[in-house]
Amino acid sequence: MLLSFGLGIFLFLATSGVHTAGQHCRCSGLPPDGLQVNCSFLNLKKLPHLPPDITELHMHNNELTTVSPGVFDRLVHLKKVSLTGNPFHCDCRIQYLRNWLLKNRHVVSKEPTCATPVFVAQIAISKLSDDFFTSCSGTRCTGGVYNIIMGVMLCFLIALLLWSLRLAKKSTFTLYIDKKHEGFEADSLRSLKPKHRRRLNTLLSEDSDSVTWTEDLERPLLSTELLPQVLDVLHKKHNIKIKAT
């Protein structure tokens, strides 16, 4: 009685079908053979959610282009799988299926083949060499490391620039002047351009008739009387100090 009730429940669950976006895979089987799922000829573009206890999976003649990594890893009871008749696109994403096929040749009824790209069309997926995937893994790895290194370098440069600006604002510049130069005249501040007017002074000597030519430049552009004010501005606004030694 109990055995018949248990078999009835199992048959109900087994024949209820696997739902796939409005379509149903056909399920059948009894212990000890296990659960068999047939999803063939349903134009499926991806594998449906499958129960972990299935022993047979028929997915031939659908629209599968790849298999997501890890899909078959939890189906540890598989004894037979059919994937032929699908337009598999053999690029980096097909590497998981290729590796799984190499480890589980005994459960594959017939080898699925590549449909695209053209240069690998009709080649069995398990026949793809390791060199075929070298560039894919190298690009992902190298690209990731390169982006990380460049990001770290960029952050370092930005931090260095901000630190330099902050240091420059807080820095104090001190100009030391020896005591022997304390009373120097600011001749270097005089403009040497020839536009300055000359003034002729004629001096007549009482003892002799002589004419003496002298020239007087304009006043310096910066009077030495303004020097303390200039030094004060340099100190307050630019942190530049001038000290006598």
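Me: What does C92 count as at 26% relative accessibility?
Reply: This is a predicted model, in which local features need pLDDT of at least 70 and side-chain atom pairs count only at pLDDT 80 or more, while totals for chains, interfaces and linings use all residues. Residues are numbered from 1 along each chain as its sequence is written, and side-chain values use heavy atoms, with hydrogens and water left out. Buried means under 20% relative accessible area and exposed means over 50%, with partly exposed in between (1.4 Å probe, protein chains only). Because its relative accessibility is 26%, C92 counts as partly exposed.

Me: Which residue does a disulfide join to C92?
Reply: A disulfide is a pair of cysteine sulfur atoms within 2.5 Å. For C92 the S to S distance is 1.9 Å, and the disulfide partner is C136.

Me: How many residues apart in the chain are C92 and C136?
Reply: With -90 degrees about the S-S bond, the link of C92 and C136 is left-handed. C92 lies in the loop between β6 and α2, whereas C136 lies in helix α3, so that the pair links distant parts of the chain. Helices are DSSP runs of H or I with at least four residues and strands are DSSP runs of E with at least two, numbered from the N terminus. The separation of C92 and C136 is 44 residues.

Me: Is C136 buried or exposed?
Reply: The relative accessibility of C136 is 13%. On that value, C136 counts as buried.

Me: What pattern do the disulfides of the protein follow?
Reply: The structure holds three disulfides. One of them joins C25 to C39, at 1.8 Å from S to S, and another joins C90 to C114, at 1.9 Å. With bonded cysteines counted along the chain, the pattern is 1-2, 3-5, 4-6.

Me: Is the disulfide of C25 and C39 left-handed or right-handed?
Reply: C25 and C39 are both buried. The torsion about their S-S bond is about 115 degrees, so the disulfide is right-handed.

Me: Which residue forms a salt bridge with R98?
Reply: Side chains of opposite charge can pair when their charged atoms come close. A salt bridge is a side-chain nitrogen of Lys or Arg within 4 Å of a carboxyl oxygen of Asp or Glu. For R98, the closest N and O atoms are 2.7 Å apart, and the partner is D130.

Me: How many residues apart in sequence are the parts that R98 and D130 tie together?
Reply: R98 is buried, with a relative accessible area of 7%, whereas D130 is exposed at 51%. R98 lies in helix α2 (residues 95-103) and D130 in helix α3 (residues 130-170), so the parts that they tie together have a sequence separation of 32 residues.

Me: How many salt bridges does the count come to?
Reply: Besides R98 with D130, D91 forms a salt bridge with R93, with N and O atoms 3.3 Å apart at the closest. R105 forms another with E111, at 3.4 Å. The count of salt bridges is three.

Me: Which residues do ring pairs link into a cluster?
Reply: Rings of Phe, Tyr and Trp (its six-membered ring) pair if their centres lie within 6.5 Å, and planes under 30 degrees apart count as stacked, over 60 as edge-to-face and the rest as tilted. F119 and F132 have ring centres 6.3 Å apart and planes at 50 degrees, so this pair is tilted. F132 and F133 have ring centres 5.0 Å apart and planes at 85 degrees, so this pair is edge-to-face. The cluster is made up of F119, F132 and F133.

Me: In which strand is the place of T55?
Reply: T55 counts as buried, at 7% relative accessibility. Leaving aside neighbours within four places in sequence, T55 has contacts (heavy atoms within 4.5 Å) that include D33, L35, H77 and K80. The strand that holds T55 covers residues 54-58 and is β4.

Me: How many bridges join strand β3 to β4?
Reply: Four of the five residues of β4 are buried, so this strand is largely enclosed by the rest of the structure. Two strands pair if DSSP finds at least two bridges between them. β4 pairs with strand β5 (residues 80-82) in the parallel sense over three bridges. Strand β3 (residues 35-38) and β4 also run parallel, and their number of bridges is four.
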